[in-house]
Structure formats: C-alpha cells, structure tokens
Amino acid sequence: MNGAATKSHPFTPGAVALGLIALTLILPAPRGTLAMYALTIVIALACGLGRSVWLGLLAVAPLWLLLFISQGMLGEGPRVAAPWGGTLSVAGLQWTVAQGARLGAIITASLALAATFNAHRFLQAAMARRWPFGVAFLIVATFDAAARFAEQARRLREAQRSRGLRVRGSIAIRARAIPALVFPLLLASITEADDHALALETRGLTLPGPRTAIDPPRDTLLDRTVRWGTLALVLFAAGWRVWR
Amino acid sequence: MNVSPRLFALVPAAVAINLVVGRVVAELGLPVYLDTLGTMLVAILTGLGGGLLVGTLSQILSGLLGGFTYFPFTPVQWLIALLATVAARRGGFRGVPSSVGWGMTCGLAAGLLSAPISYFLFGGITTPGMAAVVTLLQALGLANVTATATASILSDVVDKTAAFLVVGTLLRALPKRILGRFAMAATAVGK
C-alpha cells in the first residue's frame, strides 16, 4: 500500500486499471489476454500491490478449475488426448485459457485499484475538478457506509451468537439465522435515513454551486502522462482490432 | 444531479446493505445471495429512480472490490428495482403468499436476463457457486447453454423469492410512524 499507486493522483490508478481491463477485453485471445494478465501482475507488483495479486489468484483459482472441467473436459467439438488418459475439447481448452486469463486480469486489476483507493483523496480530487458534488459525495459516502455496515454486521453476529444464535448446521438452521443477522441492518438503514438527511441538509449538502477542495491531491506531469498514455493505448488497440 | 437529502442518506446505506448482507449470507453458506435487498428496499421506499441508482452503484462497488466481471449484470439490478417498484405499487408485500408470488416472478425474469449475459460473456463460469452448479449440470449431460440457463433461472428464483420474503417481512414489521414517511412502502404492505 506504500507504493507509487497510493501516492499518485487518485484518478491515475483508476485510469490504469480500467485501461488494463479494456485492453484485456479488446486484444485477441489467448495471447493478448495472457499478455495483459502478465502485464497486470507486473504493474501491481511494481506498485507494491503484491497482496492484490495473491488475493486475485485465490479468487480466480476455483474459476480456472471449474472452467477447465466445464469447457476443457466437458466441452464440445474436436478433441485431443489428455496426458492422463481420456480426451479434452480443443475449443474448450482455448476458451479456458482465454477466459481464465481474462478473469485473472480483470479481478487482479480491480483488487489492486480497491487497495489503492482512498475515498477522501478521491473526493478532494473530484471537487478540484468541479465534478458534480452529488456524484462525488455518493461514491465517498457509499465507501464509508460499506465499512460502517461491515463493522456493524460483524458486531451483530458476535452479539447474536453470544445470545445463542446458531450459524452452523443444516440449511434450515442457517436460514433461521438470517432474520437475526439481517433485519437489524435493514432497519438501521431505514430508521437512520431521516436523521442523516437532516444532518446533510444542515451542512449544506444540497446547496448549488461549486465546492472548494481544501487539500487537493497534486496532479503531476507523470500522472497526466500515464492517464493520457493509457487512453491512447486503449484507443489504438480498439482501432487496430477494428481495422486489421 | 437533483437528489433529495433523504435519498443522499438512503443510497449509500442501501449499497452497503447489498454488499454486506451478500457477505453475511455467503458466510452462512446458504444457496442464496440476497445481494439486492438494498436495491429493492430503496425502490420500494423512494421509487424506481432510487432503486436504479442503488443497483448501478452496487455493481460498480462490488466490481471494484471483487472484479469488474459483475458489472455486465447491472441490467439485472435495474430489472429487480423495476419489478420491486411494480410489486410495491400493487401491494405485493401484503402477506407471505403475495411476496412469494412476486419473488418467483422476479426471479424468473432476472434468471432469463442473466442467463444470456452469463453464457455469452463468461461461458457460464461467473461465481464459484454458480460455476459449480453449471459444471454439475453439464456432467449430468446438459449442454453448456442449457446448463447455464437452468442454473441461472433456478438460483434466481430461489434467491429473489427469499429476498422478497425478507423485504416483505421487514416492511410489515415497520412501525406506522416510519411507514408514514414512505407512501409507497405503506401501499406495498396494504396499509
């Protein structure tokens, strides 16, 4: 988390991640998608985001296995002999490699972006750019709410378990735990809405006009070059795929 | 963007509900997702626009946290917001039977919409749970397209029925003081 990505302008990691995802979808499979997955890993590691690479691998590994079974082993069309006996679908194997690399690149880029995203720096940058304040606020407030509700859910689960709630056992037993774990969260979201709305209104959230960014993140020449370079690369790749 | 302060307060909480409840249910290991409760709730409380906003933001955020592979399923969230609004206007949350009926209808529609997205973009392999069901159905002899459609529809019918039941139970349990603030919610439960 201490790498270049977290120190850069908040829009730069987003632009790079979206660019990598776009290139993964644009470039021809399987070589293009494999190359993009490799590039995503290299960029993440270079930015000190090795944990995101590892988490991405953990997330995508079960999908690779299921892709291999679903497409490679059970797929249709011409077949080749498998090294351990039996046969594998040629088209299924190609799809497995292409889709596996695509999912790997997309998930790794997303997790790396999430690891570098700082909601409050993003809000400052959006205000400095004169983005509509409502849009920027909703993004930041949503991140804050997600963290708050996740913590609330964790505490709720512990409290309910200490009161005898069972979260293990048959499906019926686990299903009965849903109301105790979910209803308080849903109720809180409704009952607190008016208090929050009043607080937001008294702080002038809905007032028209531009906001002043108190501490806008620096947008360096390197940041701008990376963002424009990424966009140019994506446009070039899209053009190449269309016209070649 | 003209958003009321109440919607500014509700939308982030509802998106968080979608994400957090989805995670709570996943930890319980149940064959449902319940990751559209916030979308449904806001659609019922404030109308279709709020539901669409929550659905879109939820997909963006879950994409950011878990991979943008979920993003193509955004229209499914929109469809759920639309059907929850229609159900609320017609008193679809009055009791358990009507909630189940609307939930199954919504699940069928959501399954029919998500199946082609899942098949054409991902070959049926989206989440590990769904992928396991698709693979199992293929192993039983179904073609990939049939397996993907069957898995999508079955899981969505079960999930949305459960979601409508949860939201209906919650709305009926709300005190009149709170229901009075949201006209459509009162219509939804027939009060």
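User: How do the axes of helix 7 of chain A and helix 1 of chain B cross?

Analyst: Axes are lines fitted to C-alpha atoms, for helices over the stretch in contact, with angles from 0 to 180 degrees between N-to-C directions. Helices (H or I, at least four residues) are DSSP runs, numbered from the N terminus. Here the axes of helix 7 (residues 133-162) of chain A and helix 1 of chain B come within 8 Å and cross at roughly 45°. That angle makes helix 7 of chain A oblique to helix 1 of chain B. Under 35 degrees is roughly parallel, over 145 roughly antiparallel, 65 to 115 roughly perpendicular, and the rest oblique.

This is a predicted model: local features need pLDDT of at least 70, side-chain atom pairs count only at pLDDT 80 or more, and totals for chains, interfaces and linings use all residues. Residues are numbered from 1 along each chain as its sequence is written, while chains are lettered from A and ligands numbered from 1 in the order in which they are written.

User: Is the crossing of helix 7 of chain A and helix 1 of chain B left-handed or right-handed?

Analyst: If the near helix is turned clockwise from the far one by less than a right angle, the crossing is right-handed; if anticlockwise, left-handed. The crossing of these two helices is right-handed. Among the residues making the contact are Phe137(A), Phe149(A), Val11(B) and Leu19(B). The residues there divide into 18 nonpolar, one polar and one charged. Ala, Val, Leu, Ile, Met, Phe, Trp, Tyr, Cys and Pro count as nonpolar, Asp, Glu, Lys and Arg as charged, the others, Gly among them, as polar.

User: How many residues of chain B are in contact with chain A?

Analyst: Contact means C-beta atoms, placed from the backbone, within 7 Å. By that rule, 48 residues of chain B touch 53 residues of chain A. Helix 1 of chain B gives the most to its side, with 17 residues. By class, that side of chain B has 36 nonpolar, 10 polar and two charged residues.

User: Is Leu41(B) buried or exposed?

Analyst: Count other C-beta atoms within 10 Å: 20 or more is buried, 12 or fewer exposed, in between partly exposed. Leu41(B) has 29 such neighbours, so it counts as buried. Leu41(B) sits in helix 2 of chain B. Beyond its neighbours within four places in sequence, Leu41(B) contacts Leu186(A), Ala14(B) and Val167(B).

User: Which residues of helix 6 of chain A are buried?

Analyst: Phe122(A), Leu123(A), Gln124(A), Ala125(A) and Ala126(A). Their cover includes helix 2 (11-26) and helix 7 of chain A. Just after helix 6 of chain A, Arg130(A) takes a positive phi of about 60°.

Terms used: Contact = placed C-beta atoms within 7 Å.
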